[in-house]
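Here is a quick tour of one chain, from the overall fold down to a few residues. Have a look at the model first.

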Amino acid sequence: MDESLDSHFVVEITNAQPKLRAYIAKILANSSSTDDVLQETNKVLWLKRDQWDPTTTFLKWAYRVSYFQARAFLRDHSRDRLVFQEELLELLASETPRETRA
């Protein structure tokens with residue numbers, strides 16, 4: 001990925017932070033681990049930035065990565081007292097915010 005695409009990516013990921021955090025918080029039921037999962041999501045997004053097509057909506061792709069990171073977190077912490085069933089997690093994740101702008 002060239003520098004101009006990296007710069008564009010940085011702008012997109014920076015602007016997406018509040019929406020990604022809210023989405024992850026919803027999936028994790030406002031867990032205190034929301035920021036940890038957001039940080040992991042940001043790391044994965046950066047590592048996979050060459051897989052993002054800049055002609056598509058960044059948030060759609062980022063929400064999907066966030067979903068998988070939240071799922072991995074819940075799987076890894078499944079011994080905790082409150083854990084959502086897979087069906088509920090799918091339902092919560094399917095309700096991604098409707099975006100009007102790219």
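## The chain as a whole

Start with the contacts (heavy atoms within 4.5 Å): among those between residues at least 6 apart in sequence, 68% join residues at least 24 apart. The chain has 4 helices and 0 strands, giving the pattern α-α-α-α along the sequence. Helices here are DSSP runs of H or I with at least four residues, strands are runs of E with at least two, and both are numbered from the N terminus.

Of the 102 residues, 36% count as buried, where buried means under 20% relative accessible area, exposed means over 50%, and partly exposed is in between (1.4 Å probe, protein chains only). The accessible surface comes to about 7,000 Å², and 50% of that belongs to carbon and sulfur atoms. Those areas come from the Shrake-Rupley method with a 1.4 Å probe, and for residues only the protein chains shown count as cover.

A word on the ground rules: this is a predicted model, so local features need pLDDT of at least 70 and side-chain atom pairs count only at pLDDT 80 or more, while totals for chains, interfaces and linings use all residues. Residues are numbered from 1 along each chain as its sequence is written, and side-chain values use heavy atoms, leaving out hydrogens and water.

## Helix H1

H1 covers residues 3-27, so 25 residues, and reaches 34 Å from its first C-alpha to its last, close to the 36 Å expected at 1.5 Å a residue (1.5 Å times one less than the number of residues). H1 also bends by about 50° at Gln-17, with Pro-18 following within four residues; the bend is the angle between axes fitted to the seven residues ending there and the seven starting there.

What does H1 pack against with its buried residues? They meet H2, helix H3 (58-76) and helix H4 (86-94). Among the buried residues of H1 are Phe-9, Ile-13, Leu-20, Tyr-23 and Ile-27, along with Asp-6 and Glu-12. Just past the end of H1, Ala-29 takes a positive phi of about 55°.

## A nonpolar patch

Val-10, Trp-46 and Leu-47 make a nonpolar surface patch of about 280 Å². Patch members have over 30% relative accessible area and no salt bridge; like charges are joined within 9 Å and nonpolar side chains (Val, Leu, Ile, Met, Phe, Trp, Tyr) within 5 Å. A salt bridge is a side-chain nitrogen of Lys or Arg within 4 Å of a carboxyl oxygen of Asp or Glu.

Val-10 sits in H1 and is partly exposed at 38% relative accessible area. Leu-47 belongs to H2 (residues 34-47) and counts as exposed because its relative accessibility is 60%.
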